[in-house]
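I opened this entry to record what I looked up, one item at a time.

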Amino acid sequence: MKPERAIGLLSSLPASAIEAMQRARFRRTLRLAAEKSSFYREEFRRRGIDVRKIEHPSELGDFFTTGEDLREHGAEAFLTGRADTAFETTGTTSPAPKRAYFSQKEIDEIGRTSALALHLLGLRREDRVLSAFDCSFWISPVVVRSAFQYINCFHVEAGKIEPLEFYERALAYRPNVIFGEPSWIVRLSEIAEARGRWPLKFLFAGGENITETARAAVERVWHAPLYLNYGQTEAFGAIGIECKEKQGYHRNDLNFIFEIVDEDEEGYGELIYTTLTRDVMPLIRYRSTDITRLVDEPCACGLFARRIGKIRARADEMVVCGMGNVGPWVFAEILSDVLTPGADWQAVVKNEGHRDVIELRVEMDDLMSQGDVESRVRSNLRERFADFWRNHEMKLYELEVAAYARGTLRGGRKLQRVVDKRQMLLRRVV
Ligand SMILES: [Zn+2]
């Protein structure tokens, strides 16, 4: 079915029809999980949950699936069918990656849904896409490739190469749509500002958040909009996508049921999702660790799909920035043989101009040794975290070491190891 026909059809459905479809898909998914996945079978048995009586994820009480469950039990414990491929997500609060498995049929399905979303953003058969999505274990390049085959547009995958090299090699293809990670697109735009831009229809970013000032700077350079996708590897990279209004993400109600738990008085809480169309590795009430809200008011764009507000924060201390997806463990590893015993440290993520700055605050006996500590931090980063170092080489962020006297960092009992001071997307949704 052509994207415009599918959108027309979906728009004509009453909300109750979509909810009925969600419930039917949920019941099927829950039974599949209870029957075939050793993790869910055991958890439901232990908790005395009779899945035949459950109609909606919220009826599962305090049962959730966490990223920790995936790590601890291994993806195999969640499998309900034969997988054709797998992807990884790294860099949360632990160095161990989480794995998620999928079938080719699922990839085709998510490609169709993503094609609808990209069609709404204006992507057409005659467009020329150049993508800088990182192909290493990451799901997004596969999802967009699947979407492109439904749109039939011309596309080339550059992979996540140096923005300067991308800029030079892009000229031969004259792409009018560019895909990449936000911090990478910011850097590419700086180069385009200095060396000249070409006409673009839009830019499309996924994989991390971006400040509105950085987004505005990119759009000024290209005279074209930058749209964001919101996803997680566990969610097939496709939880929600912005429309031309850029006021939150239209949520993917065809493939998920979303809930918010631990809501504050404004409705913000942790986003929880249950997959509805996955046969290989369904997830029941998966904790995203992202803090946001569900927006049910209609969007000015008129699209039937309701929205997820902008992401306020991570529920844990994971920070997504120009360095990559970093958590306390990353800095602890970089500092492991640099700190004097008992010395404290803290990483502060700031945004100066359009680039993220990671200020590593380190307690030192001799404040004059700051330069020495900084060079050891850099060489540890280079040797131990090739990906983060590569982003540093690409100038996607700056890393600074600030010297603090012993005993001055810890104000209270607990020291927050990673502090995100950026003004993230605070333009409020509705
Ligand atoms: Zn909209």
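Predicted model: local features only at pLDDT ≥ 70, side-chain atom pairs only at ≥ 80, totals over all residues.

I listed the buried residues of α9 next. They are Glu212, Ala214, Arg215, Ala217, Val218, Glu219, Val221 and Trp222. Then I asked what covers the buried residues of α9. The cover includes β5 (177-180), α8, β6 (202-205) and β7 (226-230).

Helix α8 spans residues 182-195 and helix α9 residues 212-222. The two pack at an angle of about 35°, and their axes are 9 Å apart. I noted a left-handed crossing where α8 passes α9.

I then looked up the residues that meet. From α8 come Ile185, Val186, Leu188, Ser189, Ala192 and Glu193. From α9 come Ala214, Val218, Val221 and Trp222. Sorted by class, this contact has eight nonpolar residues, one polar and one charged.

I checked what comes after α9. His223 follows the helix, and its phi is positive, near 55°.

**Ser146**

I moved to Ser146, which I found in helix α6 (residues 140-151). Is Ser146 buried or exposed? I have Ser146 as buried, because its relative accessible area is 4%, under the 20% cut-off.

I looked for a polar partner. A polar atom of the Ser146 side chain lies 2.9 Å from the backbone oxygen of Ile107. I also listed the contacts of Ser146, leaving aside neighbours within four places in sequence: Ile107, Asp108 and Gly111.

How values were computed. Residues numbered from 1 in each chain as written. Heavy atoms only, no water. Axes fitted to C-alpha atoms, helices over the stretch in contact; angles between N-to-C directions. Helix = DSSP H or I, 4+ residues; strand = E, 2+ residues; numbered from the N terminus. Left-handed = near helix turned anticlockwise from the far one by under 90°. Contact = heavy atoms within 4.5 Å. Nonpolar A, V, L, I, M, F, W, Y, C, P; charged D, E, K, R; others polar. Buried < 20%, exposed > 50% of the residue type's maximum accessible area, 1.4 Å probe, protein only. Polar contact = N/O pair within 3.5 Å; in protein donor to acceptor, adjacent residues only side chain to side chain.
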